[in-house]
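Subject: Structure for your review, with findings

Dear colleague,

Please find below the structure that I am handing over to you. My notes on it follow directly after.

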Amino acid sequence: MADKLILSDEEWRKRLKPEEYDVLRKHGTEYPGSGCFLGTKEPGTYVCAGCGNPLFQANVKFESGTGWPSFTQPLRPEAVTEYHDRSHGMVRVEVRCGRCDGHLGHVFPDGPPPTGLRYCMNSVAMKHVPEGQPHELVKA
């Protein structure tokens with residue numbers, strides 16, 4: 001894992017598009033069915049839109065019917081961090097980028113085998129790097 005990327009709120013605002021900032025830094029959620037990665041099947045790696053940290057391989061992506069792209073497991077355990085989220089009158093497990101702490105989505109225990117998990121992610125919080133192309137980590 002690369003070193004943590006810690007930036008001021010002002011710097012994040014400069015670097016991110018408004019919709020990326022809302023989700024990654026303010027824990028927002030894109031509308032169901034609106035994400036650009038719904039229904040995509042291209043091989044490659046999904047990386048954090050904020051810092052370039054590799055998060056998920058395309059081969060663990062599945063159609064959950066929830067309106068958000070879903071994955072069965074992260075690329076590496078340290079790629080993401082998980083936090084108990086009690087907002088909005090629910091108890092959920094929030095998923096954040098393991099490098100920049102950006103909000104990605106939530107994980108639920110109703111996914112398919114082999115993990116039984118559904119990492120329900122916001123498309124706007126990720127970028128897709130096609131298979132065979134290098135991906136670069138964002139520097140401070």
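Throughout these notes, contact means heavy atoms within 4.5 Å. This is a predicted model, in which local features need pLDDT of at least 70 and side-chain atom pairs count only at pLDDT 80 or more, while totals for chains, interfaces and linings use all residues. Residues are numbered from 1 along each chain as its sequence is written, and side-chain values use heavy atoms, with hydrogens and water left out.

Leaving aside neighbours within four places in sequence, F56 is in contact with G44, T45, Y46, F71, Q73, P74, L75, V80, Y119, M121 and M126. Together with L104, F56 has the most contacts inside the largest nonpolar core, which has 29 residues. A nonpolar core is a set of buried Ala, Val, Leu, Ile, Met, Phe, Trp, Tyr and Cys residues joined through side-chain atoms within 4.5 Å; buried means under 20% relative accessible area, exposed over 50%, and partly exposed in between, with a 1.4 Å probe and protein chains only. At least two residues of this core come from each of α2 (18–24), β1, β2, β6 (92–97), β7 (103–108) and β8 (118–121). The largest share, 3 residues, is that of α2. Helices (H or I, at least four residues) and strands (E, at least two) are DSSP runs numbered from the N terminus. In soluble globular proteins, nonpolar side chains tend to be buried together.

Turning to the strands, two of them pair if DSSP finds at least two bridges between them. Antiparallel pairing over 2 bridges links β3 to β4 (residues 70–71), where S70 is the bridge partner of F62.

Strand β1 (residues 44–48) has 5 of its 5 residues buried. It pairs antiparallel with β9 (residues 126–130) over 5 bridges, and T45 stands opposite V129 there. Another 3 bridges join β1 to the antiparallel strand β2 (residues 54–57), with V47 opposite P54. The hairpin of β1 and β2 has 5 residues between the strands, and G52 takes a positive phi near 85° in it.

K61 lies in strand β3 and is buried, at a relative accessible area of 14%. A polar atom of the K61 side chain lies 2.8 Å from the backbone oxygen of F37. Not counting residues up to four places away in sequence, K61 touches F37, G39, T40, Y46, P69, S70 and F71.

As for the cysteines, a search of the whole structure finds 0 disulfides, a disulfide being a pair of cysteine sulfur atoms within 2.5 Å. C51 is in none, and the nearest cysteine sulfur, that of C97, is 3.6 Å away; C51 counts as buried at 0% relative accessibility. The sulfur of C100 is too far for a bond, because the closest cysteine sulfur, in C48, is 3.7 Å from it. C100 is buried, with a relative accessible area of 4%.

Finally, the UniProt annotation "active site", from an unreviewed entry, covers C120; UniProt positions are given in the numbering used here, feature names are shortened, and annotations may be inferred rather than shown by experiment. C120 is in strand β8 and is buried, with a relative accessible area of 9%. Leaving aside neighbours within four places in sequence, C120 is in contact with T66, W68, P69, S70, L104, G105, H106 and F108.

Yours sincerely

Key: A polar contact is a pair of N or O atoms within 3.5 Å; within protein, one must be able to donate a hydrogen and the other to accept it, and residues adjacent in sequence count only if both atoms are side-chain atoms.
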